[in-house]
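Please consult the sequence and the structure shown below.

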Amino acid sequence: MASTGTATAKRKPVFVKVEQLKPGTTGHTLTVKVVDSNPVVPTTRKARPGSSMSRPSQPSRIAECLIGDETGCILFTARNDQVDLMKPGETVILRNSRIDMFKGTMRLGVDKWGRIEATEPASFTVKEDNNLSLVEYELINVNDQ
């Protein structure tokens, strides 16, 4: 196989605004400011009797963070080490983030394929009256006739 030389050329990230986020989409890169961060107490699952769980599982740390930019805000689910980066007042770049649906509402998240980077403080103020996580979506199946 002949190589053309244009293999793995990195694409420039396309930054999107919070108001452009839609349910079921992935690969978003955005610069946001953390407005609020609330730790969520995880529910502990008991080991089933007879299971071979010898070591107790490490409880995962989860925080619901309200993040946003000048176009709107959304809830972000921070997990484990991400919780330390998502402090109120911080400005972060979310790379390869995705929209997860939780009880019919949108949540932003970064899984193992994405990254959260701290960056210099942004000059914008977060538009808190346009919270995309307050919009409830309903799944509608479309049948082909």
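A salt bridge is a side-chain nitrogen of Lys or Arg within 4 Å of a carboxyl oxygen of Asp or Glu. The model is predicted, and the structure holds 7 salt bridges.

**Salt bridge between R61 and D84**
- The side chains of R61 and D84 form a salt bridge, with an N to O distance of 3.1 Å.
- Because R61 lies in the loop between strand 1 and strand 2 (62–69) and D84 in helix 1 (residues 82–85), the pair ties together parts 23 residues apart in sequence.
- R61 is partly exposed, at 38% relative accessibility, and D84 is partly exposed at 41%.

- R95 and E117 form a salt bridge in which the closest N and O atoms are 2.7 Å apart.
- This pair links strand 4 (residues 91–102), which holds R95, to strand 6, which holds E117; the two residues are 22 residues apart.
- R98 is joined to D111 by a salt bridge whose closest N and O atoms are 3.5 Å apart.
- R98 belongs to strand 4 and D111 to the loop between strand 5 (105–109) and strand 6, so this pair ties together parts 13 residues apart in sequence.

**Surroundings of S37**
- S37 is located in strand 1 (residues 26–40).
- A polar atom of the S37 side chain lies 3.5 Å from the backbone oxygen of M86.
- Beyond its neighbours within four places in sequence, S37 contacts A63, E64, C65, M86 and P88.

**Nonpolar surface patch**
- M101, V135 and Y137 together form a nonpolar surface patch with about 240 Å² of accessible area.
- V135 lies in the segment after strand 6 (115–118) and is partly exposed, at 37% relative accessibility.

Terms used:
Residues numbered from 1 in each chain as written. Predicted model: local features only at pLDDT ≥ 70, side-chain atom pairs only at ≥ 80, totals over all residues. Heavy atoms only, no water. Patch = residues over 30% accessible without salt bridge, like charges linked within 9 Å, V, L, I, M, F, W, Y side chains within 5 Å. Areas by Shrake-Rupley, 256 points an atom, 1.4 Å probe, with all protein chains shown as cover. Helix = DSSP H or I, 4+ residues; strand = E, 2+ residues; numbered from the N terminus. Buried < 20%, exposed > 50% of the residue type's maximum accessible area, 1.4 Å probe, protein only. Polar contact = N/O pair within 3.5 Å; in protein donor to acceptor, adjacent residues only side chain to side chain. Contact = heavy atoms within 4.5 Å.
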